Amino acid sequence: MSQTLAIIKPDAVAAGKCGRILAHLEAAGFTVRALRMTRLSPEQAGAFYAVHRDRPFYGSLVAFMTSGPCVPVILEADDAVTKLRRTIGATDPAEAEEGTVRRLYAESKERNAIHASDSDENAAAERAFFFSTQEQIGL
Ligand code: CMP
């Protein structure tokens, strides 16, 4: 078993899709190990997406991610990073496969409902970004 981090993004939270997305992930075989709701500050969103700071969409992405509450979740499964990325689909919902979270629930390439870590290394860093050690090991 391994763990990864998902963030149900502000578009999906505002649209009341949080429960359906969590149910989809559980039905796909993930176990929720930690979960909270938070609203990112511009500094936090900027730091989380620092890898994209030179991209043209960076300012807009930070504005979107700070526009309302989001729900970070630690998910566990066999090969969790790869499995979650397959389950959520391509960044752009128009390109995401049928039945994926983004195809079902995302609005656009930016407002795309959910984030997922892209490597085990980044998953560990992103879990620590949102959750204390105690929260990560389960209360
Ligand atoms: P995420 O998986 O969280 O990683 C980076 C985010 O940047 C991505 O999901 C989208 O929300 C956003 N993003 C990526 N590419 C674009 C783009 N071309 N235009 C606007 N937003 C983008």
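Four aromatic pairs are counted here, where rings of Phe, Tyr and Trp (its six-membered ring) pair if their centres lie within 6.5 Å, and planes under 30 degrees apart count as stacked, over 60 as edge-to-face and the rest as tilted. One of these pairs is F48 with F130, a tilted pair with 5.6 Å from centre to centre and 55° between the planes. This is a predicted model, in which local features need pLDDT of at least 70, side-chain atom pairs count only at pLDDT 80 or more, and totals for chains, interfaces and linings use all residues. Residues are numbered from 1 along each chain as its sequence is written, and side-chain values use heavy atoms, with hydrogens and water left out.

**Aromatic rings**

- Helices (H or I, at least four residues) and strands (E, at least two) are DSSP runs, numbered from the N terminus.
- Both F48 and F130 are buried, a term for under 20% relative accessible area, with exposed meaning over 50% and partly exposed in between (1.4 Å probe, protein chains only).
- F130 also forms an edge-to-face pair with F129, at 4.9 Å centre to centre and 65° between the planes.
- F129 is partly exposed, with a relative accessible area of 34%, whereas F130 has 5% and counts as buried.
- F48, Y49, F129 and F130 are linked into a cluster by ring pairs.
- The charged end of K83 sits over the ring of F30, 5.3 Å from its centre. A charge sits over a ring if NZ of Lys or CZ of Arg is within 6 Å of the ring centre and within 35 degrees of the ring normal.

**Strand β3**

- Seven of the seven residues of β3 are buried, so β3 is largely enclosed by the rest of the structure.
- In a regular strand the side chains alternate between the two faces of the sheet. From β3, V71, V73, L75 and A77 point one way, while P72, I74 and E76 point the other way, and all are buried.
- Strand β1 (residues 2–8) runs antiparallel to β3 and is joined to it by seven bridges; strands pair if DSSP finds at least two bridges between them. In this pairing A6 stands opposite V73.
- Strand β2 (residues 31–35) also pairs with β3 in the antiparallel sense, over four bridges. T31 has E76 as its bridge partner in β3.

**Ligand**

- Around the ligand are K9, Y49, H52, F57, L61, T91, R102, K109, E110, N112 and H115, where a residue is near if one of its heavy atoms lies within 4 Å.
- An N or O atom in the side chain of K9 is 2.7 Å from an oxygen atom of the ligand.
- For R102, a polar side-chain atom lies 3.1 Å from an oxygen atom of the ligand.
- For N112, an N or O atom in the side chain is 3.2 Å from an oxygen atom of the ligand.
- The ligand taken alone exposes 460 Å², and the protein buries 80% of that. Accessible areas come from the Shrake-Rupley method with a 1.4 Å probe.

**Positive phi values**

- D79 is not a glycine, yet its phi is positive, near 50°. D79 is in the loop between β3 (71–77) and α5 (80–88), and is partly exposed at 48% relative accessible area.
- A113, also not a glycine, has a positive phi of about 75°. A113 lies in the loop between α6 (101–105) and β4 (114–116) and counts as buried at 0% relative accessibility.

Conventions. A polar contact is a pair of N or O atoms within 3.5 Å; within protein, one must be able to donate a hydrogen and the other to accept it, and residues adjacent in sequence count only if both atoms are side-chain atoms.
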